[in-house]
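The structure is shown first.

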Amino acid sequence: MAKKAGNYYVPEQPKLAFVMRIRGINQICPQARKVLQLLRLRQINNGIFIKLNKATLQMLRIAEPYIAWGEPNLKTVRELIYKRGHGKVQKRRIPLSDNAVIEGVLGNKDIICMEDLIHEIFTVGPNFKAASNFLWPFKLSPPKGGWQKVTNHFIEGGDYGNREDQINALIRKMN
C-alpha cells in the first residue's frame with residue numbers, strides 16, 4: 001500500500017515498556033541512582049510499566065547498566081497484574097484481589113475492574129499515568145536458571161539493556 005503511493009512503511013514505535021532493576025546499590029553514580037528512584041526501582045528484581053517517549057528513553061539510557069527493559073505483550077501484562085499486582089491505597093500496598101479496590105481509587109478515571117486496568121496499561125491510554133502510579137512496583141523472583149551476566153549488555157550475551165520482545169521470556173522466568 002505504501003509502496004504504491006510512493007511512500008515508505010515505517011513500523012510504529014512501541015509506546016509501552018516494562019523496566020526491571022537487575023543490579024544492586026553498590027557503585028552507582030548519583031545520576032543513575034536518581035533515575036532509578038524516579039522510576040520507583042529501589043530493589044533488585046522490581047519492575048514497572050512506563051510510557052516510552054523522548055524523556056523516558058533518555059532516563060533509560062542513563063540507568064541502562066542497572067536495568068533490563070523491553071516491550072511486553074498483552075499476555076505478559078495480564079499475567080503480571082493478575083499474579084503480582086498490588087495497588088497503592090492510602091500509601092499502603094494492597095493486593096488486587098477485589099475489583100472494589102481498583103474502583104475505589106481509579107473509579108473517577110473510568111477504570112473499575114482488572115480488565116480496565118490491563119487495557120489502560122497495555123494501550124497506554126489517557127489515564128495511563130494514574131493507572132501506572134496506582135500499581136505498586138512488581139516484586140519479581142530471580143529468574144529460574146539465574147542471570148547470564150548482569151555486567152554485560154544483552155547484545156553481548158549479558159542481561160542489562162533493551163531486550164525488545166525478549167522481555168516476555170524473562171518475565172515468565174521471574175513471575
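At what angle do helix α3 and helix α7 pack, and how far apart are their axes? The model is predicted, with local features needing pLDDT of at least 70 and side-chain atom pairs pLDDT 80 or more, while totals for chains, interfaces and linings use all residues. Residues are numbered from 1 along each chain as its sequence is written, and side-chain values use heavy atoms, without hydrogens and water.

Helix α3 (residues 74–84) packs against helix α7 (residues 167–174) at about 25 degrees, with the axes 10 Å apart. The two are therefore roughly parallel (angles under 35 degrees). Helices are DSSP runs of H or I with at least four residues, and strands are runs of E with at least two. In contact (heavy atoms within 4.5 Å) are K75, T76, E79, L80 and R84 of α3 with N168, I171, R172 and M174 of α7. These residues comprise 3 nonpolar, 2 polar and 4 charged.

Spaces were searched on a 1 Å grid: a cavity holds a 1.4 Å probe that cannot get out, and a pocket is an open set with protein on both sides within 12 Å along at least five of seven lines; lining residues have an atom within 4 Å of a point.

| Space | Volume |
|---|---|
| Largest cavity | about 40 Å³ |
| Largest pocket | about 340 Å³ |
| Second largest pocket | about 170 Å³ |

The lining of the largest pocket numbers 13 residues, with F49, I50, F128, K129 and S132 nearest its centre. Elements giving two or more of the lining residues are β2 (46–51), α2 (54–63) and α6 (128–134).

Key. Axes are lines fitted to C-alpha atoms, for helices over the stretch in contact, and angles run from 0 to 180 degrees between N-to-C directions. Angles under 35 degrees count as roughly parallel, over 145 as roughly antiparallel, 65 to 115 as roughly perpendicular and the rest as oblique. Ala, Val, Leu, Ile, Met, Phe, Trp, Tyr, Cys and Pro count as nonpolar, Asp, Glu, Lys and Arg as charged, and the others, Gly among them, as polar. Grid points are joined across faces, edges and corners, and a volume is the space filled by probe spheres set on the points.
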